[in-house]
Structures are given as C-alpha cells and as structure tokens.
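User: I'd like to learn how to read a protein-protein interface and a strand barrel. Could you take me through them on an example?

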Amino acid sequence: MKRVYFEITENIPIAPSVYKITLSGDASDITRAGQFVNVKIDGLYLRRPVSVCDFSRDALTMIYKVVGKGTEKLSMKKPGEKLDVLSGLGNGYTLDNAGKRPLLIGGGVGVPPLYGLAKELKKLGAEVSVILGFNTKSGIFYREEFEKLGAKVLVTTADGSYGIKGFVTDALGQTDYTYFYACGPEPMLKAVYKNTVTDGQFSFEERMGCGFGACMGCSCKTVTGYKRICKDGPVLEKGEILW
Amino acid sequence: MVNTKVTLCGVELDNPVIPASGTFGYGHEFAELYDINKLGAFSFKGTTREERFGNPTPRIAECTAGMINSVGLQNPGVEKVVNEELPKLKKVYRKKVMANVSGFSVEDYAYTCAKLDGCEQVGWIEVNVSCPNVHGGGMSFGTSEKAAAEVTRAVKKVTAKPVLIKLSPNVTDIVSIAKACEDAGADGVSLINTLLGMRIDIKRRKPVISNVLGGFSGPAVFPVALGMVYRVAKAVKIPVVGMGGVSSAEDVIEMMLAGATAVEVGAANLVNPFASSEIVDDLPRAMEKYGINSLENIIGRC
C-alpha cells in the first residue's frame with residue numbers, strides 16, 4: 001500500500017450514472033487485477049473504495065457508478081485536479097487455476113475489475129470468455145473493450161433490450177469453461193455460486209472503514225475463519241465462502 | 001530541543017502519542033508502512049476471553065467529520081493474542097504496548113487481565129468498560145459507578161501492571177464514574193470512548209448500521225472529548241489519557257492543556273494510515289510555535 005496523489009487525466013460518463021476516471025501517478029503498488037484503491041473525497045470523512053479496472057506502473061483506470069455523495073463528488077472532479085489515494089489495496093485475483101478457458105462473469109459495476117483480469121489472462125494465452133450482465137441496453141459499457149482484447153463476449157440484459165434476456169446465469173449454458181471469476185452484486189454472486197460447475201473466485205463488496213485491514217469494519221465469516229474483505233479479500237475462493 | 005517525553009503511570013514514553021484501540025489492530029498493518037517504534041506506545045485491539053466475530057455488517061457509516069462503527073470487539077481471544085499476536089509484534093516493536101481488554105462479566109475481565117499480566121511486552125492494561133457495541137457487557141460496566149468500581153477492583157487484584165479504565169461518554173456524569181474508578185484503585189483513566197450514534201439510509205428507510213446504533217468518533221467529537229478530559233482531570237489525582245477526534249499535533253497539545261498526560265489517536269489512523277506518525281513528526285514544530293519546551297509541563301495548565 002502506498003499513499004499517492006494522482007493527477008486526474010480524464011473523468012467522463014460512459015453510461016447513465018457510470019463514469020470512467022483515469023489517473024496518472026505511481027501505480028506500482030497495484031500488481032494484480034481485482035485490487036482496489038481508497039479515494040479521499042473533499043468534505044467527506046471516510047475514503048471511498050473503488051475497484052481498479054486497468055493499470056500500468058504509472059497510470060490507472062477506474063469505473064464507478066454515482067450512488068451517493070462520495071461518488072457524486074468524484075464525478076465532478078476535473079482533469080488536472082489531484083486525488084489523494086491509498087493505492088494497491090486488497091488481495092486480487094490469482095491466475096494459477098484459470099486453465100485454458102477461464103470465464104469472467106460481471107454484473108453492472110462489477111464488470112470493471114474483470115477487464116484488467118481479462119488482459120492478464122490473455123497475456124498467459126488463455127481463451128477468455130466474458131458474460132457481462134446489465135439491467136438494460138443503455139447501461140452497457142466496455143463490451144467493445146473486452147472484444148478488442150480478443151475475448152468472447154456474451155451480454156445479458158434483465159429487460160431483454162440487448163443480448164440474452166435475463167441474468168448472467170442465463171448465459172452460462174452457452175459457455176464451456178475451465179474456471180470462473182465473478183464480480184457483481186451479492187445476489188448475482190450467490191446465483192453464480194449455485195449455477196457454476198467448476199471452481200472459481202468471487203470479488204466482494206462491503207462498507208469499509210480503513211480499507212487496509214486495521215479496523216475490522218468489513219469482516220466476513222468463511223470456511224477458513226474470519227476474513228477482512230479489504231485485506232484478505234476482496235477476492236475469495238469459491239471453496240471458502242459461507243453465504 | 002523541545003522535550004516530548006511524558007511518564008504514564010511510571011512508564012516513560014518518548015512522546016504522548018498512542019494510537020487508540022480498534023484503529024491499530026495488533027500493529028502489523030501499520031508496521032508495514034512506518035517504524036511504529038516512533039510512537040509513544042499503542043493500544044491494541046480490544047481483546048476478550050474468547051474469540052469474537054463481532055456484529056453483522058454493515059458496521060461502518062460515514063458522518064459529518066467522523067464515522068460510526070459497530071464492529072463489536074472482533075478479536076482472536078486472549079489466548080491467541082498472548083501466544084501469537086504478541087510474539088509477532090515483538091519482531092517489529094520493542095516498546096511497551098497498551099493491552100486493551102473487554103468482557104461480559106467481572107470474571108471475564110479478571111481472566112483476560114490475568115493472562116496479560118504475564119506478558120512482559122504489556123506496559124499498561126486499558127480496561128474497556130465503555131464499548132457501545134456489545135450487549136450485556138462493555139458499556140454497561142462503564143455507566144454505573146458501582147459496576148465500574150467492581151471491575152477495577154477485580155482487575156487490580158490479578159495484575160501488577162498499571163490499570164487504566166477506559167470510560168464511556170454516554171453517561172450523565174463521567175466525573176463521578178472516574179472518581180469511583182480512582183477510589184477502587186485504578187492507576188489512571190482514559191477517555192472518551194465513542195458516542196452512541198446512528199445514521200439512516202433515506203433511500204432504503206433503514207439504519208445504515210446492521211446493529212442500528214454504533215459508536216461515533218472522529219474530529220466532530222473532539223470538543224466533547226476535550227471538555228470531559230478537562231472535567232475529569234480536575235477531579236482526579238490519577239493520570240488521564242485523553243482521546244476523541246484527535247487528528248493533529250495541535251489537538252494533542254490541547255488535550256494535554258486540558259489535563260491529559262498522554263493522548264490517543266483513533267479514527268484519524270483509518271482515513272490516513274500515517275496520521276499518528278505525522279503527529280509525532282509534527283509535535284516539535286507545534287511545540288516551538290507555541291513556546292512549549294516540555295510537554296510534561298503543560299499538562300492541565302490551562
């Protein structure tokens with residue numbers, strides 16, 4: 001973990017209420033897809049955890065949805081302004097068990113961390129498939145970006161306005177996978193847990209105090225004991241999850 | 001050269017800055033970031049007789065200039081703390097640590113303190129009779145003079161280490177509780193623990209915190225804490241450790257002028273992991289600015 005004052009290089013809407021922000025600065029503490037950063041927002045006390053979508057040594061991209069005061073204020077930040085960020089937090093996805101045909105399953109703003117993961121898996125030569133779940137056509141983002149990486153992309157919409165009608169689990173039948181990675185709202189993760197046939201990893205969300213393991217604000221119970229979503233997670237293995 | 005040294009219950013501290021229990025774990029997360037030996041000491045995570053998970057999540061909420069937590073004393077239990085956490089801590093921290101203890105009965109408190117009495121690394125025992133986040137224990141001992149005194153006596157019986165009783169602000173008269181602890185043999189008192197508070201999610205029309213109520217801390221509570229430290233320090237002869245919203249070297253000086261011998265830093269560590277380290281670095285500058293040669297000389301001098 002490092003405290004870094006990043007410079008905002010871009011902060012633009014890419015779907016209704018969904019923004020993409022890119023930052024320039026020392027991102028060397030982010031070493032794995034699935035990690036997150038904790039962002040200080042002017043006028044608010046607690047930092048706001050945001051997942052990392054894409055990263056290099058000196059830049060990072062995040063995608064966030066405006067859901068409250070913190071993200072609303074973040075959406076008003078302009079290029080050139082600085083952001084006080086705790087960088088390189090959490091335990092990201094591990095690639096060891098991905099096999100030849102990993103499947104990435106993302107719902108809504110659970111999609112972004114899977115982009116960095118898809119990039120890493122492609123580098124290893126894997127045949128990557130992605131299921132992206134959204135509520136409706138206008139909410140879809142990053143479909144083309146995944147396609148550009150060479151991933152096979154299936155899109156589901158709850159209202160059927162684009163792609164497969166229904167939830168991400170309704171697309172599972174059209175895939176053949178050796179392992180899976182999931183990120184999204186908890187009901188989606190539960191459904192994925194029930195309906196997948198291989199092992200996999202899940203990325204979780206929780207209200208956090210510190211984001212680096214000190215306050216025990218975001219703990220959960222697992223098969224292997226109590227874990228902190230911010231430090232031991234946010235990525236947990238399928239086999240250790242207790243719902 | 002200014003002098004930042006203070007003496008707390010017979011143990012000398014290089015400076016009065018002590019990260020508060022519950023915001024510093026058992027030190028390891030911070031030891032990865034800076035040399036925690038620069039601190040005066042730190043108070044480790046509230047430890048109980050048995051392992052505890054604490055309350056269901058969400059257990060954190062944002063507030064104006066502060067936060068609410070309802071962690072509920074998650075900790076691995078005193079056995080693991082003595083056998084695993086303290087030996088691990090020894091590798092990165094050579095000073096005395098303050099052992100923060102909580103319980104659900106007088107016997108619990110005594111049991112846990114007796115276990116910690118044998119630990120050479122422990123410099124003080126801070127007895128938490130003020131946790132707002134547990135039922136049937138914690139704060140219920142700190143809201144009655146009689147119960148607070150009873151816990152104090154029980155703990156004093158089982159340990160030779162200096163015993164500080166950590167007091168709750170959620171009482172009618174914190175001074176009378178502090179005096180009751182002093183009369184029962186406490187070597188010091190520390191205050192304040194968090195203030196009972198609540199937030200509601202308007203969209204869901206539900207409390208943000210799963211446990212409904214939680215403990216409010218952060219800069220917003222500093223004036224409340226300062227006032228209580230001032231009143232208690234005037235009323236007792238034992239040392240007072242001040243805390244509540246402390247976020248800067250100036251806050252530390254204010255707390256000491258109000259009567260604190262040492263000062264704990266809590267929520268600030270969570271939003272800025274370097275907060276305690278920066279306060280230590282900043283103290284000499286702040287002292288020079290205000291013409292303070294020795295911190296020990298300003299305690300209660302307002």
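User: Which residue forms a salt bridge with A:Arg3?

Analyst: A salt bridge here is a side-chain nitrogen of Lys or Arg within 4 Å of a carboxyl oxygen of Asp or Glu. In this case the partner of A:Arg3 is B:Glu278, with the closest N and O atoms 3.7 Å apart. Across the interface of chain B and chain A the rule finds four salt bridges. This is a predicted model, in which local features need pLDDT of at least 70 and side-chain atom pairs pLDDT 80 or more, while totals for chains, interfaces and linings use all residues. Side-chain values use heavy atoms, without hydrogens and water.

User: How many residues are in contact across the interface?

Analyst: Contact means heavy atoms within 4.5 Å. By that rule, 37 residues of chain B touch 27 residues of chain A.

User: And how much area do the two chains bury?

Analyst: Buried area is the accessible area (1.4 Å probe) that two parts lose on being put together, summed over both. Chain B and chain A bury about 2600 Å² between them, with 61% of it on carbon and sulfur atoms. B:Phe53, B:Glu62 and B:Val271 supply 25% of the area that chain B buries against chain A, more than any other three residues.

User: Now the barrel: in what order do its strands run?

Analyst: Strands of a sheet pair through backbone hydrogen bonds, either parallel or antiparallel. Two strands count as paired if DSSP finds at least two bridges between them; strands are DSSP runs (E, at least two residues), numbered from the N terminus. In chain A, six strands form a closed barrel in the order 1-2-5-4-3-6, with antiparallel pairing. Strand 3 (residues 36-39) and strand 6 (residues 82-89) of chain A, for example, pair over three bridges, and A:Val39 stands opposite A:Val85 in strand 6 of chain A.

Conventions
Residues numbered from 1 in each chain as written. Chains lettered and ligands numbered in written order. Helix = DSSP H or I, 4+ residues; strand = E, 2+ residues; numbered from the N terminus.
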